[in-house]
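Subject: A structure for you to look through

Hello,

Here is the structure I promised to pass on to you.

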Amino acid sequence: TSTRDSKSSYKVNFWSRQYCYLSVTMTRRLNADLKRQIMNFAVNFFQMGVLCLLSSELLQMIEFSSNALEMATLGHLYNQFEMAGTLLNMEMVARTLSDIPDHIARPYAISFVTDGGVNRIVSGNWNTKFPDELYQDLFRFEKGDIEVLIAALELPERLHFANGYQSNSYEAVHIVLRRLSAPCRWVNLSMEFDLRPQYLSVIFNNTVMLLFRKWGSFIRSLDHHFMDREHLEVYAEAFQRKGCPLEDVVFTIDGTKQIICRPGHGLQNSAYCGHHHQHCLGYQFIELPTGINIVFGPYNGFEHDSTSVKMIRLEEKLTDMLDFTSDGGAAYKVFLDSGYALGNTFITPFSRRRVLTPEERRFNREMSAVRQPSEWGIGRVKALFSFLEFKRNVRVLQMPVGAMFLVSVHLKNIHSTLYGSQTAAYFGLPTLSLLEYLGL
């Protein structure tokens, strides 16, 4: 018994020193980490059967505390544990900790939301929540098209998430668009949506994954009706009208990098790009003359564009899809920049490693002019949804970065069908309607 008591006393003294140190050095609000530490502290004392020592330790922590918020929190815990002195099961301890008032436990978030979330977005108030003139700046879509967007995305009316959080289609789509449209923190959006930051994060991440599971294969597929033979003929004619020196070129391909925050857990080498000297993820864009994008990825940051398309055997798939010579038609081509390898279907500029003839220089110049729209599509995605470029907050393993990018491309395509595209205007082609894009 004396040995057990000495061990218990040692543990008490050890944790006493640790918590004294924490109470002296902690200068910010009580967060989840400290609450977990207090919970573990309570578990140890219950197992030793000396709950009374917990009260004395909390008193010592209060004495050493110099932060008013921490003193109030610890004082509240002290009173609760004094009343729970006769309770010898962990369920009551957990219930006691969960009863900490929100104005003490969450002072940073509670000041931005109302009691009960009475100002949350629902189907009855969403059209009066934000002013009409700010809708495109905040959400990139006009207010009158929000219901069209929800129907196009096929979002369910009610959304239920694994941790018990609930939302609705109007609130979820507004949160996704608002987050993606500009670099911002969740605490900045708490006041707008009357939700705490952690609640907003759960809704955003789960909605993005819901959309990715629904549309991820669609945005990365070549099997679309607007990629059939009839449409390809129209695309080839559009390139010819713009002075393309080659016949039967139907679209262009280009790669892009999404800069991300330096990842942990041994992923630095996979994500690091030596060319950009940044950690990033890679994507391959197909830019159609109608302004619609098909995207493949994400790839490791160090992967070269040429290697990325070889990994998915893209040229072989396009060769099978674009070759109509067996039916007396044409074998259509795709134009890419000099970062890709020349192939049967892939056409690249003449290499500048040697002296080019005047005809070769003219070919490169003319092809470069018609290849510019491939940059416009990539730029449009990142301009509409500039959060994708917010390096400090784009963190793999903490959010669905790849799914977020692919969903953004899908949203950009819907945006192009509703409001037009610079690429379609350049080639003089009508923009696909929303129903044509979705194949309905």
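Below is what was found in it, starting with the whole chain and then going place by place.

**The whole chain**

Please keep in mind that this is a predicted model. The chain has 440 residues, and 48% of them count as buried. Its secondary structure comes to 22 helices and eight strands. If you take the contacts between residues at least 6 apart in sequence, 66% of them join residues at least 24 apart.

**Aromatic rings**

There are 19 aromatic pairs in the structure. One of them is formed by F141 and Y419: the ring centres are 6.1 Å apart and the planes stand at 55°, so this pair is tilted. The two partners come from distant parts of the chain, 278 residues apart. F141 sits in the loop between α9 (135-139) and α10 (146-153), while Y419 belongs to helix α20 (residues 401-419). F141 is buried, because its relative accessible area is 0%. Y419 has a relative accessible area of 26%, so Y419 is partly exposed.

Now compare that with the rings of F387 and F390. Their centres are 6.0 Å apart and their planes are at 70°, which means that the pair is edge-to-face.

**Arginines over rings**

R120 lies over the face of Y199, 5.0 Å from the ring centre. R179 lies over the face of W186, at 4.0 Å from the centre of the ring. You will meet R179 again in the next part.

**Helices that pack together**

Two packed helices are described by the angle between their axes and the distance between those axes.

Let's begin with helix α11 (residues 169-181) and helix α13 (residues 197-219). Their axes come within 9 Å and cross at roughly 95°. An angle from 65 to 115 degrees counts as roughly perpendicular, so α11 is roughly perpendicular to α13. On the α11 side, the contact is made by E171, A172, I175, V176, R179 and L180. On the α13 side you will find L200, I203, F204, T207 and V208. Sorted by class, the residues of this contact are eight nonpolar, one polar and two charged.

How do helix α18 and helix α19 cross? The axes of α18 (residues 358-371) and α19 (residues 373-384) come within 5 Å, and the crossing angle is roughly 30°. Angles under 35 degrees count as roughly parallel, so α18 is roughly parallel to α19. A369, V370 and R371 in α18 meet P373, S374 and E375 in α19. This contact of α18 with α19 has three nonpolar, one polar and two charged residues.

**A buried leucine**

Next, please look for L232 in helix α14 (residues 229-241). Is L232 buried or exposed? Its relative accessibility is 0%, so L232 counts as buried. Leaving aside residues up to four places away in sequence, L232 touches M227, V250, F251, L322, F324 and Y332.

**Backbone details**

Most residues other than glycine have a negative phi, and most peptide bonds are trans.

- G297 and P298 are joined by a cis peptide bond, with omega about 0°. P298 has its place in strand β6 (residues 293-299).
- D248 has a positive phi, near 70°, and is not a glycine. D248 lies in the loop between α14 and β3 (249-259). With a relative accessible area of 24%, D248 is partly exposed.
- R313, also a residue other than glycine, has a positive phi near 55°. You will find R313 in the loop between α16 (305-311) and α17 (314-322).

Enjoy exploring, and write back with any questions.

Best wishes

Notes: Residues are numbered from 1 along each chain as its sequence is written. This is a predicted model: local features need pLDDT of at least 70, side-chain atom pairs count only at pLDDT 80 or more; totals for chains, interfaces and linings use all residues. Side-chain values use heavy atoms; hydrogens and water are left out. Rings of Phe, Tyr and Trp (its six-membered ring) pair if their centres lie within 6.5 Å; planes under 30 degrees apart count as stacked, over 60 as edge-to-face and the rest as tilted. Helices (H or I, at least four residues) and strands (E, at least two) are DSSP runs, numbered from the N terminus. Buried means under 20% relative accessible area, exposed over 50%, partly exposed in between (1.4 Å probe, protein chains only). A charge sits over a ring if NZ of Lys or CZ of Arg is within 6 Å of the ring centre and within 35 degrees of the ring normal. Axes are lines fitted to C-alpha atoms, for helices over the stretch in contact, and angles run from 0 to 180 degrees between N-to-C directions. Angles under 35 degrees count as roughly parallel, over 145 as roughly antiparallel, 65 to 115 as roughly perpendicular and the rest as oblique. Contact means heavy atoms within 4.5 Å. Ala, Val, Leu, Ile, Met, Phe, Trp, Tyr, Cys and Pro count as nonpolar, Asp, Glu, Lys and Arg as charged, and the others, Gly among them, as polar.
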